[in-house]
Amino acid sequence: MKALENKVAVITGASRGLGKAMALALAAQGASIALVARDAEALAAVATEIRALGATAETYVADVTDEASVAALEKAVIERFGKVQILVNNAGMNLRKKIHEFTLEEWMRVTNTNLTSVFLLCRAFVPHMKGQGYGRILNMTSIMAHVSLSERTAYSSTKAALLGLTKSLAMELAPDNITVVGISPGPFLTEMNLPISTDAEKNAMFLSKIPLNRWGQVEEIGALAAFLCSDNAGFITGTDILIDGGWCAN
């Protein structure tokens with residue numbers, strides 16, 4: 001029996017990058033996956049890969065920053081699966097700008113995507129997770145919750161706040177044996193980091209900050225997520241796992 005057999009996982013931002021990698025890793029361990037994002041075509045492609053592993057996958061196009069959209073998502077997922085044990089809050093965005101260049105709309109867009117969406121998803125699915133004796137919530141924080149760089153004010157602010165949410169929610173849900181853990185990735189080769197990885201000067205600067213001197217591979221995030229959802233990680237909660245090649249050790 002696979003480690004996550006008979007478990008249902010809701011994963012936001014699942015159409016690409018880290019979300020896709022975590023979806024594939026959890027599916028490989030037997031979990032049924034509810035894939036959530038805004039790109040229907042990309043979601044369908046991920047679902048096809050998961051089904052090829054012999055796992056179940058359903059796709060849901062939703063705006064995780066919108067209350068009504070999240071409510072509709074909750075209804076659809078519960079009607080299909082009946083229960084949820086794992087929630088991976090992965091949807092996120094970054095705008096690299098100087099503070100005086102931000103509009104309020106841009107600031108709120110980053111905040112709503114990185115933080116408010118997590119509140120909405122947890123409020124929707126936590127009630128369905130209770131009473132099962134097992135639950136996992138993974139929140140994708142960032143090394144930018146611990147350290148920062150210029151022009152990351154919105155991103156760092158939301159990720160630091162998400163870390164606070166993770167700690168408080170872990171305390172709240174501990175009596176239900178639902179663990180809440182943050183994952184703080186360093187530089188990974190995803191579409192979000194293309195402005196850096198494709199710029200020779202910026203790429204060299206980033207690599208110089210990483211003791212392991214390489215970008216992270218998305219499969220490494222997937223493996224970590226699968227472990228944190230396993231029974232072997234049942235004593236890990238209210239904390240944040242840095243997976244950054246040593247960046248924050250500098």
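This report describes the sheet and the helices around it in a predicted model.

## Ground rules

Local features here need pLDDT of at least 70, side-chain atom pairs count only at pLDDT 80 or more, and totals for chains, interfaces and linings use all residues. Residues are numbered from 1 along each chain as its sequence is written, and side-chain values use heavy atoms, leaving out hydrogens and water.

## The sheet

Seen in order, the strands run E3-E2-E1-E4-E5-E6-E7. These 7 strands make an open sheet with parallel pairing. (Strands are DSSP runs of E, at least two residues; helices are runs of H or I, at least four; both are numbered from the N terminus. Two strands pair if DSSP finds at least two bridges between them.) E3 (57-61) and E7 (239-243) stand at the edges with a single partner strand each, so one side of each has no neighbour in the sheet. The twist averages 20° from one strand to the next.

Strands E5 (135-140) and E6 (178-185) share 6 bridges. Asn-139 has Gly-182 in E6 as its bridge partner.

## Helices on the sheet

H1 (17-28) touches E1, E2, E4, E5 and E6 (contact means heavy atoms within 4.5 Å). Its direction makes about 170° with that of E1. Angles run from 0 to 180 degrees between N-to-C directions, with axes fitted to C-alpha atoms, for helices over the stretch in contact. H4 (104-129) lies across E1, E4, E5 and E6, at about 175° to E4.

## Where H1 meets H8

The axes of H1 and H8 (218-229) come within 8 Å and cross at roughly 50°. Residues in this contact include Leu-18 and Met-22 in H1, and Ile-221 and Cys-229 in H8.
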